[in-house]
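Me: I would like to go through this structure with you, a few points at a time. Shall we begin with the backbone and see where that leads?

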Amino acid sequence: MGRVRQHQVTSDDGRTLSGLSHGPEDGRPVLFIAGAATSKLMTFGSELLAPLNLRMLTMDRPGLGESTPDHDRTLVSTALDYRAFVSAVLGEPEGAVAVVANSQGAVFGLGLALAGGARSLTLVSPADEVAHPHIHAMLPPEATMLADLARTDAEEAATLLGAFSARAMEEMVMSGSAPEDVAFYRSEPFLSLYRSSLEEGFNNDGVGYVRDTLIAVQPWNVDLAAITCPVQILFGARDLTHSPDHGKTLTSRIPGATRKVFRDAGGALLWTHAQEVLGTALT
């Protein structure tokens, strides 16, 4: 896949944005926005980067890994941080690239698209907007508990989230996933990569994870109809965790968005079908 390069970008307000680039240095850039509590180490399709001549960029969101915490971080400011990071690494003022976002990272991919930082956006197993009335009504109370609490008492929700650890996150993911997904998540080399990424993701006492999750579970308050870049939404039919209707409602909220459901996949779609994901992202 080519060597991995470290990047440290300084934001306008003096914070450090830390990330990596994977694959050929002259490859076509694609930004990967990883899911909950996972750092810049998380990636996918590594063996495909050189053959496809792709350069994959990953970044620690503020408070995760080695990026400076931003206690006032919002969806908008996170999107602007991603755009600044990409622009600095590529040396391009516009900083707009093909974007792939997974799981809880999906909301930040949508924010980046709204900020003009995505030429195209591919959402893979995106975590849905639980606070959206239509989605909320489909879910059982245990699935909406955190979102409900975050809406009424964000401070209490933050305290609850702050008790999480890398091990607790791994256990929660494993317990809620389909058996075939668990089998993949526990296989190597994925398990070692996931654990290393979670350990980095919970740097700074987990403040980045807490902020990420509050942004994701509270109402997004964004106009998805204003997204103008092409959007593709990909789901595995056996995905038990990310959306009660496998992104059907989410797709309908974004003009021109398309959706594909893979019958032979679950929540690990990003990794089990990496070639199809990258093919979709690059069309």
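Me: Is histidine 246 buried or exposed?
Reply: This is a predicted model. In it, histidine 246 has a relative accessibility of 18%. Histidine 246 counts as buried because the cut-off for that class is under 20%.

Me: Where is histidine 246 found?
Reply: Histidine 246 belongs to the loop between strand 7 and helix 11 (248-252). Its phi is near 50 degrees, which is a positive value in a residue other than glycine.

Me: What is phi at serine 125?
Reply: Phi of serine 125 is near 50 degrees, again positive in a residue that is not glycine. Serine 125 sits in strand 6, and with 0% relative accessibility it counts as buried.

Me: Which peptide bond is cis?
Reply: The bond from glutamate 188 to proline 189 is cis, with omega near 10 degrees. Proline 189 is placed in the loop between helix 8 and helix 9.

Me: Turning to the sheet, what is the order of its strands?
Reply: Eight strands form an open sheet in the order 1-2-4-3-5-6-7-8, and the pairing is mixed. Strand 1 (4-10) and strand 8 (258-262) are the edge strands, each pairing on one side only. On average, neighbouring strands of this sheet are turned by 20 degrees against each other, direction ignored.

Me: How many bridges join strand 1 to strand 2?
Reply: Seven bridges join strand 1 to strand 2 (residues 16-22), and the two run antiparallel. One of the pairs there is arginine 5 with serine 21, the latter in strand 2.

Me: What about strand 5, which strands does it pair with?
Reply: Strand 5 pairs with strand 3 (residues 28-33) in the parallel sense, over four bridges. Strand 5 is also joined to strand 6 (residues 118-126) by seven bridges, and these two run parallel as well. For individual bridges, leucine 31 has valine 99 of strand 5 as its partner, while valine 100 is partnered by threonine 122 of strand 6.

Me: How many residues of strand 5 are buried?
Reply: Seven of its seven residues are buried, so strand 5 is mostly covered. Strand 5 also takes part in a right-handed β-α-β unit, together with helix 3 and strand 6.

Me: Next, the largest pocket. What is its volume, and which residues lie nearest its centre?
Reply: The largest pocket has a volume of about 1300 Å³. Its lining comprises 48 residues, of which Ser103, Gln104, Met172, Thr241 and His242 lie nearest the centre. Among the elements that give two or more residues to this lining are strand 5 (97-103), helix 3 (106-114), helix 7 (166-176) and helix 10 (207-217).

Me: How does the lining of the largest pocket divide into nonpolar, polar and charged residues?
Reply: The lining of the largest pocket divides into 31 nonpolar, 13 polar and four charged residues.

Notes:
Residues numbered from 1 in each chain as written. Predicted model: local features only at pLDDT ≥ 70, side-chain atom pairs only at ≥ 80, totals over all residues. Heavy atoms only, no water. 1 Å grid on protein atoms, 1.4 Å probe; cavity = no way out; pocket = protein on both sides within 12 Å on 5 of 7 lines; lining within 4 Å. Points joined across faces, edges and corners; volume = space filled by probe spheres on them. Nonpolar A, V, L, I, M, F, W, Y, C, P; charged D, E, K, R; others polar. Buried < 20%, exposed > 50% of the residue type's maximum accessible area, 1.4 Å probe, protein only. Pairing = 2+ DSSP bridges. Right-handed = clockwise from strand over helix to strand, strands pointing away. Axes fitted to C-alpha atoms, helices over the stretch in contact; angles between N-to-C directions.
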